[in-house]
Amino acid sequence: MVSPQVFSPQLLKSISKRLQTFSSETLTPFRTGLKKPGVNRKAGILIPLCNINHQSSIIFTLRTDKVGSFKGHVSFPGGHTEEGETAEECAIRETNEEIGLDPKTIQVLGKYRPIYSTTGILVTPVIAFTDISTLSDLVVSEKEVEKVYSISIEDLIDPFQRATQNLDVKGETISVPLFNSGPKQIWGLTAFVLDQVLKTAICPSIFEQNQ
C-alpha cells in the first residue's frame with residue numbers, strides 16, 4: 001500500500017467532500033452499548049490529521065493511570081459534550097485542554113458517523129487538520145495524558161502492522177481491528193473509528209485496490 005506523502009490542500013478538500021456524503025445513521029459495532037433512547041450521554045472526539053516529518057500522520061494520546069476510565073489506553077483527544085455544545089466544539093475544546101493544541105490551528109474537515117461505545121456513549125468523530133509540524137511545543141494535561149505522539153498513515157495502513165481480534169464484550173463476541181504501529185497497541189473503539197475513517201474518508205482507494 002502506498003499512502004499519501006503529505007496532506008495537501010487538494011487531498012484535504014477530497015476528504016472533506018467524502019465526509020459530506022456520509023449519512024448521520026449511527027454505527028453500533030458494540031450492540032451491548034445501547035441503552036434506552038434518550039439516556040445515552042454524548043461525546044466528541046477529534047481525529048487530528050497533520051504533516052509530521054514531511055509525512056501524512058494522525059495524532060494520538062496515551063491516557064494516564066489517573067483518569068477515571070480506559071487507563072493506559074491509546075485514544076483520540078475528546079470527551080463528553082457540555083450542555084448546548086456541538087460535537088465539533090466539544091472535540092476542539094477537549095483537544096485544547098488535553099494536549100494544548102491551539103484551536104486557531106485546527107481546520108475542521110467534517111464529521112464521521114456517530115458511534116455507540118460499549119458504555120452507551122454516543123461518540124461523534126470529528127476529522128480535522130492541524131498545520132503544526134512538530135508536537136514538541138504542545139503542553140499536555142499531566143492528569144489525563146501520559147504521552148502525545150503521531151503515527152504516519154503509511155504505518156497505519158501497513159497490513160503487517162494491522163490485525164483482527166475477536167473480543168467478548170459483555171457476553172457478545174465481536175471482531176475488532178488492531179493496530180500495532182506506534183508505542184502501544186491501538187484497540188477497542190479507537191481502533192474501530194480509526195479503521196473506518198482510514199478506509200472510507202482518508203484513503204479509500206488504497207483499500208479498494210487491495211480487496
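Student: What should helix H2 span at 1.5 Å a residue?
Tutor: First, this is a predicted model, where local features need pLDDT of at least 70, side-chain atom pairs count only at pLDDT 80 or more, and totals for chains, interfaces and linings use all residues. Residues are numbered from 1 along each chain as its sequence is written, and side-chain values use heavy atoms, with hydrogens and water left out. Helices (H or I, at least four residues) and strands (E, at least two) are DSSP runs, numbered from the N terminus. The expected span of a helix is 1.5 Å times one less than its number of residues. The 13 residues of H2 (87–99) should therefore span 18 Å, and the end C-alpha atoms are 18 Å apart, in agreement.

Student: Which residues of H2 are buried?
Tutor: Buried means under 20% relative accessible area, with a 1.4 Å probe and protein chains only. In H2, the buried residues include Cys-90, Ile-92 and Arg-93. Among the elements covering them, through contacts (heavy atoms within 4.5 Å), are strands S1 (42–52) and S5 (106–111).

Student: What follows H2?
Tutor: Gly-100, with a positive phi near 75°.

Student: How is a pair of packed helices described?
Tutor: By the angle between their axes and the distance between the axes. Axes are lines fitted to C-alpha atoms, for helices over the stretch in contact, and angles run from 0 to 180 degrees between N-to-C directions. H1 and H4 pack at about 105°, with axes 9 Å apart.

Student: Which residues of H1 meet H4?
Tutor: Leu-11, Ile-15, Arg-18 and Leu-19 in H1 meet Thr-200, Ala-201 and Ile-202 in H4.

Technical notes
Buried means under 20% relative accessible area, exposed over 50%, partly exposed in between (1.4 Å probe, protein chains only).
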